[in-house]
Amino acid sequence: MERADIVKLDKRHVWHPYTAMEAYIAGTHPLVIARSEGPYLFDVDGRRYLDANGSWWVSTLGHRHPRLVRTLVEQAGRLPHVSLAGITHEPAAALAAELVAIAPGAQRADLSSGERLSRVFYSDNGSTAVEVAIKMAAQYWAQNGQPKRTRFITLTGAFHGETLGSTSVGGVREFRDIFGPLLFDVVHVPSPAEEGGWERAFDQVQAALREHPADIAGVIVEPIIQGASGMQMYSPDFLRAVREATRRVDTFLIADEVFTGLGRTGARFAVDLAGVVPDLLCLAKALSGGLMPFAVTLASERIFSGFLGASSRALYYGHSYCGNPLGAAIAREVLAVYRDEDVLGQVARKAPKVKAAFERMAATIPGLVRPRAVGMVGAVDLGGGGYLASGGWRVYEAARKRGLYLRPLGDTVYIAPALNIPDTALDELLGGMEESLREVAGS
């Protein structure tokens with residue numbers, strides 16, 4: 001099909017996510033992508049675009065990594081799908097063992113068996129991985145002697161997904177306020193990335209735990225980086241303090257590593273930067289390398305044990321495609337590529353370049369504020385307009401002319417590219433972004 005025909009059909013029938021559709025239909029000229037390879041996207045006219053956000057943070061090994069594609073084809077030729085209800089298969093069983101072996105705290109001798117992340121529950125995306133964690137925590141307390149523990153502490157600016165449970169524990173107002181009447185009550189505390197520092201946020205977490213020790217089912221956080229709220233970054237000290245506070249009142253810490261997990265911050269998991277082991281850990285996106293919807297929730301042995309006994313105590317939750325063989329096989333190969341290509345080592349080598357580039361841009365381009373970087377994530381703000389501001393979209397247009405696909409978060413312009421992006425492509429990305437920011441600042 002020609003580009004014009006594709007766009008005509010698209011605007012007639014497709015409802016796009018996170019898109020003001022009236023403006024889109026009236027005036028947007030969308031990218032029409034035909035293929036991808038490595039860090040690049042190619043449109044139907046053959047033009048190449050450097051994918052600066054890994055297509056919503058999933059392609060941490062680039063697009064169409066040959067080993068992942070080969071695994072997908074081979075697994076599809078044997079067993080593309082079977083339910084996980086009363087059935088198991090090698091990819092799901094082997095992947096669970098591999099994830100437990102690399103989970104936070106797996107090598108720590110000071111952890112009890114109950115504290116270890118030893119159980120893996122499969123689902124199909126980040127939102128449902130968080131939904132699983134919410135239900136696990138709530139049901140654990142309900143059937144283990146503390147049924148009043150139904151509330152969760154969450155952070156302002158948090159984003160944990162799209163289902164109603166995940167939306168309830170979110171803190172980005174643009175995404176949750178309209179659904180307010182449908183959401184369950186949570187305790188919102190300030191983000192540790194806000195002015196006042198992590199100590200202010202922790203004081204409110206601690207106060208909530210002290211005031212309602214018998215009511216709190218858990219504290220849920222995006223470790224180190226709050227992604228959707230504008231790549232807000234905070235100190236690992238906050239995580240350490242929260243972990244100790246939850247231990248004191250014996251409630252759960254839930255780490256939503258859907259964005260940060262598997263190397264984004266330079267550590268395998270962001271909680272590793274704080275030396276913290278959560279009770280529940282949610283993982284998706286990078287886990288299947290951009291090839292399949294696939295997710296997991298890792299749970300401690302203590303939580304798993306709380307569901308044993310009569311059939312009424314089981315976790316009655318699951319998805320048709322949970323633990324599907326295609327996704328599980330690809331996820332195993334993702335972990336193998338991380339080992340064989342030393343992906344974490346690549347991040348350690350490239351991260352200083354990202355940090356230096358954003359600091360230089362903020363220091364030399366008028367109007368840029370709050371440069372920040374952790375691992376392979378770098379961000380800068382064009383002001384304080386928030387998610388619905390348009391400044392970042394002017395940068396998007398300038399970058400698009402230079403062959404870059406940057407998707408801003410309002411006035412926040414950021415990069416989160418493939419972790420194995422070649423040095424030449426990273427230089428191209430940082431240089432093109434700087435040129436685009438200078439163009440917008442000078443206009």
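Student: How do I read "buried", "partly exposed" and "exposed" here?

Tutor: Buried means under 20% relative accessible area, exposed means over 50%, and partly exposed is in between, using a 1.4 Å probe and protein chains only. Take Y18: its relative accessible area is 32%, so Y18 is partly exposed. W56, at 37%, is partly exposed too.

Student: What sort of model is this?

Tutor: It's a predicted model, where local features need pLDDT of at least 70 and side-chain atom pairs count only at pLDDT 80 or more, while totals for chains, interfaces and linings use all residues. Residues are numbered from 1 along each chain as its sequence is written, and side-chain values use heavy atoms, leaving out hydrogens and water.

Student: Why is the Y18 and W56 pair edge-to-face?

Tutor: Their ring centres are 5.9 Å apart and the planes sit at 80 degrees, so the pair counts as edge-to-face. Y18, W56, F159, F175 and Y387 form one aromatic cluster.

Student: And why are Y122 and F294 tilted?

Tutor: Their centres are 5.6 Å apart with planes at 45 degrees, so that pair is tilted. Both Y122 and F294 are buried.

Student: Which charge lies over the face of W141?

Tutor: A charge sits over a ring if NZ of Lys or CZ of Arg is within 6 Å of the ring centre and within 35 degrees of the ring normal. R149 does this for W141, at 4.4 Å from the ring centre. K11 lies over Y24's face, at 5.5 Å.

Conventions:
Rings of Phe, Tyr and Trp (its six-membered ring) pair if their centres lie within 6.5 Å; planes under 30 degrees apart count as stacked, over 60 as edge-to-face and the rest as tilted.
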